[in-house]
Amino acid sequence: MPLFRCEGCSIRIERSMAAYWRNKGKLLCSTCLDRQEMPLKTAESGRKRGSSEFRANSNKS
Ligand SMILES: [Zn+2]
């Protein structure tokens, strides 16, 4: 498998070309993947909705 550079920490990682194209040329090592996925999931499901509601409420008063 070819070697690529991790977008997050520049470590050299072995990935398949299929993974390369699937990620549009941006590859992350498993460490950076874990770090990236966790905040993304919580932000999209909970934080966005919560912050907008909070703003609407605070603007009224
Ligand atoms: Zn990395």
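Hi everyone. Of the 61 residues in this protein chain, 13% count as buried. Please keep in mind that we are looking at a predicted model.

Let me begin with the overall layout. The protein chain has two helices and two strands. Reading from the N terminus, the order of the elements is β-β-α-α. What about the surface? The accessible surface of the protein chain comes to about 5400 Å², and carbon and sulfur atoms account for 53% of that area. As for contacts, take those between residues at least 6 apart in sequence: 5% of them join residues at least 24 apart.

Now to the zinc ion. Which residues coordinate the zinc ion? They are Cys6, Cys9, Cys29 and Cys32, each through its SG atom, at 2.2 to 2.3 Å. If you follow these donors along the chain, their spacing reads C-x2-C-x19-C-x2-C. What is the geometry of the site of the zinc ion? It is tetrahedral, and the angles among the four donor atoms run from 106 to 114°. For comparison, ideal angles at a metal are 109.5 degrees for four tetrahedral donors.

Are two of these cysteines, Cys29 and Cys32, buried or exposed? Cys29 has a relative accessible area of 6%, so Cys29 is buried, because the cut-off for buried is under 20%. Cys32 is also at 6% relative accessibility, and therefore Cys32 counts as buried.

How many disulfides does the structure hold? The number is zero. As a reminder, a disulfide is a covalent bond between the sulfur atoms of two cysteines.

One last stop: Ser10. Where does Ser10 lie? You will find Ser10 in the loop between strand 1 (3-5) and strand 2 (12-14). Ser10 has 41% relative accessibility, so Ser10 counts as partly exposed. Along the chain, Ser10 and Cys29 are 19 residues apart, while their C-alpha atoms are separated by 8.8 Å.

Terms used:
Residues numbered from 1 in each chain as written. Predicted model: local features only at pLDDT ≥ 70, side-chain atom pairs only at ≥ 80, totals over all residues. Heavy atoms only, no water. Donors = N, O, S within 2.8 Å, 3.2 Å for Na, K, Ca; no water. Tetrahedral: all angles 85-135°; square planar, octahedral: opposite > 155°, others 65-115°. Buried < 20%, exposed > 50% of the residue type's maximum accessible area, 1.4 Å probe, protein only. Disulfide = S-S within 2.5 Å. Helix = DSSP H or I, 4+ residues; strand = E, 2+ residues; numbered from the N terminus. Contact = heavy atoms within 4.5 Å. Areas by Shrake-Rupley, 256 points an atom, 1.4 Å probe, with all protein chains shown as cover.
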